[in-house]
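Subject: Structure handover

Hello,

Here is the structure I promised to pass on. Please open it next to this email as you read.

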Amino acid sequence: MAENSPANGAANPAADPNQPQLNLQKIYTKDISFEVPDAPKVFQLQGQPGVELNLSQRVNTLSETVFEVVLSVTVTCKIEEKTAYLAEVHQAGIFGVAGFDQASQENVLATYCPNVLFPYVRQIVSDLVQGGGFPPLYLQPINFDAIYAEQMRRRSETPAESPTLNS
């Protein structure tokens, strides 16, 4: 039987502290809110509902290699210009991120972490809306990589202040 060991006695790369490491330590709901401001009148409205989704995220540094990422989603549904419901979810996760350069770390926190959290947000919003007496709402997948790429593109287009020379 062959033994799986690194060639030339090299250390296991997974145990190498210089290798980039990412681990999920905890997922939790930080805040939930659901409102039906015009109940029960809103259930008698006949118009086509309009749904607006607002999405944001923030990163809190807990230690040099541990970060809390909070994905916030607000869904507002209006019928005939009246707010039918408002659902807000702040889903958080604690992630260990070590061994990445600054740009890669920023990318991981802005793309990978929200991708991990989004399915939890999607389920909570769906449950809130349905439990509030409305037809189920299924949030479509979100491409956090594209959002981050657009933010980086905008950042690169913003002209940096050029130094002024005094003569």
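**Ground rules**

This is a predicted model, in which local features need pLDDT of at least 70 and side-chain atom pairs count only at pLDDT 80 or more, while totals for chains, interfaces and linings use all residues. Residues are numbered from 1 along each chain as its sequence is written, and side-chain values use heavy atoms, with hydrogens and water left out.

**Overall fold**

The protein has 2 helices and 4 strands. Both kinds of element are DSSP runs numbered from the N terminus: helices are H or I with at least four residues, strands are E with at least two. The order from the N terminus is β-β-β-β-α-α. The protein has 167 residues, and 29% of them count as buried. Buried means under 20% relative accessible area, exposed means over 50%, and partly exposed is in between (1.4 Å probe, protein chains only). Take the contacts between residues at least 6 apart in sequence: 68% of them join residues at least 24 apart. A contact here means heavy atoms within 4.5 Å.

**The sheet**

The 4 strands form an open sheet in the order β1-β4-β3-β2, with antiparallel pairing. Edge strands are β1 (21-35) and β2 (50-63); each has a single partner strand, so one side of each has no neighbour in the sheet. From one strand to the next, the twist averages 15 degrees. Two strands pair if DSSP finds at least two bridges between them.

Two pairings are worth a look. β2 and β3 are antiparallel over 13 bridges, and a hairpin of 2 residues joins them. Within this pair, V59 has V69 in β3 as its bridge partner. Strand β3 (residues 66-79) also pairs with strand β4 (residues 82-98), in the antiparallel sense, over 14 bridges. There, T74 stands opposite E88 in β4.

**The helices**

Helix α1 lies across β1, β2, β3 and β4 and runs at about 140 degrees to β4. Axes are lines fitted to C-alpha atoms, for helices over the stretch in contact, and angles run from 0 to 180 degrees between N-to-C directions.

How do α1 and α2 cross? Their axes come within 9 Å and cross at roughly 145 degrees, with α2 covering residues 144-157. The crossing is right-handed. On the α1 side, the contact residues are A103, E106, N107, A110, T111, P114, N115 and F118; on the α2 side they are F144, D145, Y148, M152 and R155. By type, the residues of this contact divide into 7 nonpolar, 3 polar and 3 charged. Nonpolar covers Ala, Val, Leu, Ile, Met, Phe, Trp, Tyr, Cys and Pro; charged covers Asp, Glu, Lys and Arg; the others, Gly among them, are polar.

Why does Q91 count as buried? Because its relative accessibility is 2%. A polar atom of the Q91 side chain lies 3.1 Å from the backbone oxygen of Y28. A polar contact is a pair of N or O atoms within 3.5 Å; within protein, one must be able to donate a hydrogen and the other to accept it, and residues adjacent in sequence count only if both atoms are side-chain atoms. Beyond four places in sequence, the contacts of Q91 include V69, V70 and L71, as well as L117, Y120, V121 and I124.

*Q105.* Q105 is in helix α1. At 14% relative accessibility, Q105 counts as buried.

*R122.* R122 sits in helix α1, residues 102-131. It is partly exposed, with a relative accessible area of 27%. Its side chain reaches the backbone oxygen of L139 at 2.9 Å. Apart from neighbours within four places in sequence, R122 is in contact with L139, Q140 and P141.

*Q140.* Q140 lies in the loop between α1 and α2. Its relative accessible area is 57%, so Q140 is exposed. Leaving out neighbours within four places in sequence, Q140 contacts F118 and R122. Q140 and R122 are 18 residues apart in sequence, and their C-alpha atoms are 8.4 Å apart in space.

Best wishes

Key: A crossing is left-handed if the near helix is turned anticlockwise from the far one by less than a right angle, and right-handed if clockwise.
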